[in-house]
Amino acid sequence: MFGYEPAYVLCGDARIACYDVGHGAPLVLLHGNGEDSGYWSQQIPEFTRFYRVIAVDSRGHGRSESGTQKLSFERMVNDLKIVLNEKGITRAHILGFSDGGNLAIKFALTYPQCVDKLILNGANVEMLRGVKAHIQLPVYSAYALTSLLGCFSKHAARKRDVLGLMVHPYGVSMDDLNRITMPTLIIVGEHDMIRSSQTREMAKHLPDCRVAVFRDGDHFVAAKQPSRFNRTVIEFLLGR
């Protein structure tokens, strides 16, 4: 896939696919909901000039298995910790996009000692107040439909569980962000699906945070403005 072949790490009842490329300090990449590590195809070649990149397909996504239990951020946090342990990584930079950003937040709160710098691209804390209504309401409708169809179809049930990650709160509040003390960069597009008020509120609660707003950008700035995105990430990680 996208020029790289995954390794697999057994995480309880599921094999989790991950891509381990490059050398240097570890940089973990976490994709968004319904996607896989291929989302980072325009980032990995550039990032591996400086870092050892670990791109992980979240449980139930890409080449990773779903396992036998319902998907949850808690379970995916545990998966990520097992992957890092298997790779001999005790501390890493983490870059998460969208749901991957939410996963990065949850991981940083659970294992702060494992995170060097944190980059949140299009992440949110509050599902209802954080995401624009014209984006979130269809997600709720699709979740209701797949919940019904999931009684008859394994494919629909898997889709329901993936959508559920965008429907149910993932156990983080704004006040929890006060405990994330590592340097943090938030990247959003000017026309992102994440409300600007949500981004401002998150930045206010994160003790060591800067925000980069990409002019004319939407939620998918890594894919649509890769040169600027890559430069912004690398300069932050290098302390420039």
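Trainee: Is C11 buried or exposed in this predicted model?
Mentor: Burial is assigned from relative accessible area, with a 1.4 Å probe and protein chains only: buried is under 20%, exposed over 50%, and partly exposed in between. C11 has a relative accessibility of 1%. C11 therefore counts as buried.

Trainee: On which conventions do such values rest?
Mentor: Residues are numbered from 1 along each chain as its sequence is written, and side-chain values use heavy atoms, with hydrogens and water left out. Because the model is predicted, local features need pLDDT of at least 70 and side-chain atom pairs count only at pLDDT 80 or more, whereas totals for chains, interfaces and linings use all residues.

Trainee: How many disulfides are there?
Mentor: A disulfide is a pair of cysteine sulfur atoms within 2.5 Å. By this rule the count of disulfides is 0. For C11, the nearest cysteine sulfur belongs to C18, and the distance is 8.3 Å.

Trainee: Which residues does I180 touch, leaving aside those up to four places away in sequence?
Mentor: I180 is among the residues with the most contacts inside the largest nonpolar core, which has 44 residues. Such a core is a set of buried Ala, Val, Leu, Ile, Met, Phe, Trp, Tyr and Cys residues joined through side-chain atoms within 4.5 Å. With contact meaning heavy atoms within 4.5 Å, the residues touched by I180 are I105, A108, L109, L118, L206 and P207.

Trainee: How far apart in sequence are the parts that R63 and E5 tie together?
Mentor: The side chains of R63 and E5 form a salt bridge, with an N to O distance of 3.2 Å; the term requires a side-chain nitrogen of Lys or Arg within 4 Å of a carboxyl oxygen of Asp or Glu. Helices (H or I, at least four residues) and strands (E, at least two) are DSSP runs, numbered from the N terminus. R63 lies in the loop between strand 4 (52-56) and helix 2 (73-86), and E5 in the segment before strand 1 (7-11), so the parts tied together are apart in sequence by 58 residues.

Trainee: Is K106 buried or exposed?
Mentor: K106 forms a salt bridge with E74, the closest N and O atoms being 3.2 Å apart. The pair joins helix 3 (residues 99-110), which holds K106, to helix 2, which holds E74. E74 is partly exposed at 43% relative accessible area, whereas K106, at 11%, is buried.
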